[in-house]
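Please read the following note alongside the sequence and the model.

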Amino acid sequence: MRLVEHDDAMDLLSGRVYHAAEGFLHHLLDEVPYITRQDGDLVSAWKRAPDAPFSPDAVPVFWVRNIWLEPFLLEFDSISDAARALRAIQRNWAPCPVHYARRTLLIADRLPHIPDRPRTFPFVLPTAPMGAFTLLDEHTLMGSARCSSPFPNGAFAFAENRDEPPSRAYRKLWEALVLAGTMPQPGARCLDAGASPGGWTWVLASLGAEVLAVDRAPLDPRIAAMPGVRTLKHDAFTLRPEDIGPVDWLCSDVICYPEALWRWVERWLASGLARNFICTIKMQGKTYDRATTLRFAAVPGSRVVHLWHNRHELTWIRLQDGNGAG
Ligand SMILES: C[S@@+](CC[C@H](N)C(=O)[O-])C[C@H]1O[C@@H](n2cnc3c(N)ncnc32)[C@H](O)[C@@H]1O
């Protein structure tokens, strides 16, 4: 990347800037091994290029809403200079105001508008690069043209369905499926563990899948009556894979210790009876079970993410074709 008009004032950095998932900066600070600076929710792990090599990706980091993949520093004189320099790189830039917030937004005002209308599920992830920038002081901008999320500061906005699903948890499954880049086809066999009151089952049944909804609590009767839905009032973890048989999608939103979920998932992995997995790893109390999270992340072809719609939980996605990254 080269800033045509400003290459002498621009410093490419080696490393990353992590934008913490909202409310979970404390977990991110525990994860990032070499923090070189912190600006609000932006945690930097970078060095100036001559000091490379520097490989922050060697340590997995999960509690992020966005990762700035190619950070740079830009010295600039005026607001219009800064905006011109960013526009010379690409169209889309999300402001991330921390210091000099008003000045940051004044720069953003001089950049092309970023569409922010909520999207209707299902949709394909945008491919246009989405950059991000902030100001470190009045004349120094830190930015990155490449980020892990195609949405401004990781914000994933759906046009919500406020009438049909019985809980708002359905948005997590929508988001996970959009990230996966694939979804259950009509007739696909799905197991929804911890299904009550039925938001995830509603998503799966709406796609035409056959859903076995397992929970100790009852499903909303409207969801239980949807075509293709069967309910089973049971402890999901005492059901063995052989009891259920082959499934195309194993979904779990069970409230439990991460270790209990892992022990159950391990059995399914060993059985070879589940093709795709989407499971929320729910942290208990204020704790973060990083050791178990790393076990999930180490499953080949899988990924662990903090979804925009996740709270104190992470989501493990494993697809049969091995492309957990979607
Ligand atoms: C967060 S809620 C699930 C919400 C659901 N995914 C939705 O979209 O509406 C968690 C559910 O896990 C269930 N649960 C907890 N332990 C369970 C277990 N061992 N087996 C089955 N369900 C369990 C609870 O009864 C609760 O309904």
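The numbered points below set out the comments in order.

1. Basis of the note. This is a predicted model, in which local features need pLDDT of at least 70 and side-chain atom pairs count only at pLDDT 80 or more, whereas totals for chains, interfaces and linings use all residues. Residues are numbered from 1 along each chain as its sequence is written, and side-chain values use heavy atoms, with hydrogens and water left out.

2. Domains. The domain assignment, whose bounds come from an automatic or database source, gives domain 1 (7-154) and domain 2 (170-318). Their C-alpha centres are 32 Å apart. To the contact (heavy atoms within 4.5 Å), domain 1 contributes 16 residues and domain 2 contributes 21 residues.

3. Interface area. About 1,600 Å² is buried between domain 1 and domain 2, with carbon and sulfur atoms giving 75% of it. Buried area here is the accessible area (1.4 Å probe) that two parts lose on being put together, summed over both. On the side of domain 1, F62, W63 and F121 lose the most area to domain 2, together 47% of what that side buries.

4. The rule finds one salt bridge between domain 1 and domain 2, a salt bridge being a side-chain nitrogen of Lys or Arg within 4 Å of a carboxyl oxygen of Asp or Glu.

5. Nonpolar cores. The largest nonpolar core has 43 residues, and Y18, L28, L191, L250, L261, W268 and W316 have the most contacts inside it. Such a core is a set of buried (under 20% relative accessible area, 1.4 Å probe, protein chains only) Ala, Val, Leu, Ile, Met, Phe, Trp, Tyr and Cys residues joined through side-chain atoms within 4.5 Å. Helix α8 (residues 258-271) supplies the largest share of this core, six residues. Domain 1 and domain 2 each provide at least three residues to this core. Another core, of 37 residues, lies apart from it and includes F156, L173, V229 and L307.

6. L250. Leaving aside neighbours within four places in sequence, L250 contacts L191, W264, W268, A274, N276, F277, I278 and C279.

7. D248. This residue lies in strand β12 (residues 247-252). Its side chain reaches the backbone nitrogen of R189 at 2.7 Å.

Terms used. Buried means under 20% relative accessible area, exposed over 50%, partly exposed in between (1.4 Å probe, protein chains only). Helices (H or I, at least four residues) and strands (E, at least two) are DSSP runs, numbered from the N terminus. A polar contact is a pair of N or O atoms within 3.5 Å; within protein, one must be able to donate a hydrogen and the other to accept it, and residues adjacent in sequence count only if both atoms are side-chain atoms.
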